Amino acid sequence: MGISRRRFVQGLALGGVAAGFGLSRAGWGKGYPDGPQTLRGSEFDLTIGETTVNYTGRPRIATTINGTLPGPTLRWREGDTVTLRVHNRLAQTSSIHWHGILLPANMDGVPGLSFRGIPPGGTYSYQFRLRQSGTYWYHSHSMLQEQTGLYAPLIVEPREPEPFRYDRDYVVMLSDWTDEDPHRVFAKLKKMPEYYNFNQQTLGDLLRDIRGEGFRPALAERLMWGQMRMKPTDIADVSGYTYTYLMNGVTPAGNWTGLFRPGEKIRLRFINGAAMSFFDVRIPGLKMTVVAADGQNVHPVTVDEFRIGVAETYDVIVEPDADAAYTIFAQAQDRSGYARGTLAPRAGMSAAVPAPDPRVLLTMADMGHGGMEHGGMDHAAMGHGAHGGLTHPASETGNPMVDMQTMMPAPKLDDPGIGLRDNGRRVLTYADLKSLFDDPDGRTPGRTVTLHLTGHMERYVWSFDGIKFADAEPLRFSYGERLRVELVNDTMMEHPIHLHGMWSDLEDEHGRFKVRKHTVNMPPGTRRSFRVTADALGRWAFHCHLLYHMEAGMFREVRVDEGGAT
Ligand SMILES: [Cu+2]
């Protein structure tokens, strides 16, 4: 058997990174037995380049950091000043953004806002002091490079002892890989937004619904979706049709494995480094105690399952006491595939892999339309005036880039989410999350900035208030102010919204501080708010972390300057 044939077979079975024609340092055929390589200290050299990978049986070129996908895990220490020399060996401009890390604006790594980007052959030296600890990640902020592999875990060790104990510590980074050129994926979405959505309803589904609901309700629901030019199966733009879901860079067949001794407490640092995929994570047979969200410690809450939005992180502690293997199962939100790994006392063991849950259908209530009683609504009239205290921005009205508006949005903090309700498992919700500290600022927000998340499915345009980034004025924050950002999701999709440089302190429906995050997930039909202390001067990115949504326009510049607020 020739080397290429052997590599092909190993690729099918395991998936992974092969550096050039040689075997990679990570060990071709083994995946990453201990997770990706870890680099410690305060000075680092990171090289962005291209590496051959094979996740599907076909070799492809990935964009990598130091030759691996994910890139190396960086372990920093709170209080240290870190220096990172990032060398770009690509033919295009590149960048690294340190997601969730507080730093000066010129160190944030967003081309066009923070700096010019790292030119081909160039090096950029990042240097900043760490004022926080916890689980984070880093990734490219240039074009669609993140989809091709430019992402990696980032851990900041705390100076103070942590409020929980554990014997082992594993990073579990989830991501989505496609063999297609991401520019081609984006072009297909532009042409035909349902391209990857193979969950279309069939005539059989209609007949079944007619049997279950009766002819008129079933048909009325179909007509309503038709009028709105949308489909209740629109859960994910990009699906398992093109994606291979990875755990620590390893395919489900490759089965990334973390070892333990029965009775040990294991800390799992889940990071969603996917371009487009939300995951629903569980470990059948084990309870998970969530101890941190987005790097910040929370009051421990024990669950069977949690949904992790793109760019979010959750730290959980599990305590397997049997001499047995356990499957870490992370199904894509649309159920079109999963990432999978194993916790086991010995290498080579595995446990049963659950079947993905049945596919999910959106309902009118999911989208803030309050259920079927709104059948026959005048869709065009929804844009006018207020509904239950809700005003839509004038820029949404008559806007060909806005295909729907929610009428009765709610915080829905205690909602497990579409596809996770009443599944017999205890599912984490935002209502369960409470930071271990009180509102770190303490001031009542001086003003509220409201933004609507908007889009048009058919045109595949995404925006805030119906205005794409290219046409929008920056949001102005005044240096030092405490303000409230209120978001209303007028689309039928879930958007993880990320503010750079400053924390997003999520509030409950009564305006009480709940949990400090860097990425606030916004399911359809929700209205959620968070507080921001504008203590970081400069130009910052504020965007949906779904890569193609950001690229399509759901992005704003936030400018913090002296007296910037109006
Ligand atoms: Cu989005």
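The structure is a prediction. The mean pLDDT of the chain is 86. A score of at least 70 is reached by 81% of the residues. One covers residues 1-14, where the pLDDT is below 50. This stretch still has 23 contacts in the model beyond near neighbours in sequence. The other covers residues 18-35, again with a pLDDT below 50. Here the model has 39 contacts beyond near neighbours in sequence.

An open sheet is built from 5 strands. Their order is β26-β34-β33-β28-β31, and the pairing is mixed. Strands β26 (475-478) and β31 (519-522) form the edges. Each of these edge strands pairs on one side only. On average, neighbouring strands of the sheet are turned by 20 degrees against each other, direction ignored. Strand β28 spans residues 495-499 and is joined to β31 by 4 bridges. These two strands run antiparallel. H498 has T519 in β31 as its bridge partner.

Three residues coordinate the copper ion: H495 through ND1, C544 through SG and H549 through ND1. The distances are 2.0 to 2.1 Å. Along the chain, the donors follow the spacing H-x48-C-x4-H.

Strand β24 (448-456) provides another set of pairings. Of its 9 residues, 7 are buried, and the strand is mostly covered. Strand β24 runs parallel to β27, and 6 bridges join the two. T448 stands opposite R484 in β27. Strand β24 is also joined to β25 (residues 461-464), here by 4 bridges. This second pairing is antiparallel. H456 stands opposite V461 in β25. Strands β24 and β25 form a hairpin with 4 residues between them. In this hairpin, Y460 takes a positive phi near 50 degrees.

Salt bridges were counted next. The count comes to 42.

R168 lies in strand β11 (residues 168-178). E264 lies in the loop between β13 (256-259) and β14 (266-272), so the pair ties together parts that are 96 residues apart in sequence. R168 is partly exposed, because its relative accessible area is 24%. E264 has a value of 12% and therefore counts as buried.

E312 and K517 also meet in a salt bridge, at 2.7 Å, N to O. E312 lies in the loop between β18 (305-308) and β19 (313-318), and K517 in strand β30 (residues 513-517), so the pair ties together parts that are 205 residues apart in sequence. With a relative accessible area of 1%, E312 is buried. K517 is buried too, at 0% relative accessibility.

A further salt bridge joins E481 to R447. Their closest N and O atoms are 2.8 Å apart. E481 lies in the loop between β26 and β27 (482-489), and R447 in the loop between β23 (390-391) and β24, so the pair ties together parts that are 34 residues apart in sequence. E481 is buried, with a relative accessible area of 15%. R447 is partly exposed, at 23% relative accessibility.

Salt bridges also form a network. Its linked members are D280, R282, E305, R307, R335, D357, R425 and E494.

Technical notes: Residues are numbered from 1 along each chain as its sequence is written. This is a predicted model: local features need pLDDT of at least 70, side-chain atom pairs count only at pLDDT 80 or more; totals for chains, interfaces and linings use all residues. Side-chain values use heavy atoms; hydrogens and water are left out. pLDDT is the predictor's confidence in each residue, from 0 to 100. Contact means heavy atoms within 4.5 Å. Two strands pair if DSSP finds at least two bridges between them. Axes are lines fitted to C-alpha atoms, for helices over the stretch in contact, and angles run from 0 to 180 degrees between N-to-C directions. Donors are N, O and S atoms within 2.8 Å of the metal (3.2 Å for Na, K and Ca); water is not among the atoms, so sites may look incomplete. A salt bridge is a side-chain nitrogen of Lys or Arg within 4 Å of a carboxyl oxygen of Asp or Glu. Buried means under 20% relative accessible area, exposed over 50%, partly exposed in between (1.4 Å probe, protein chains only).
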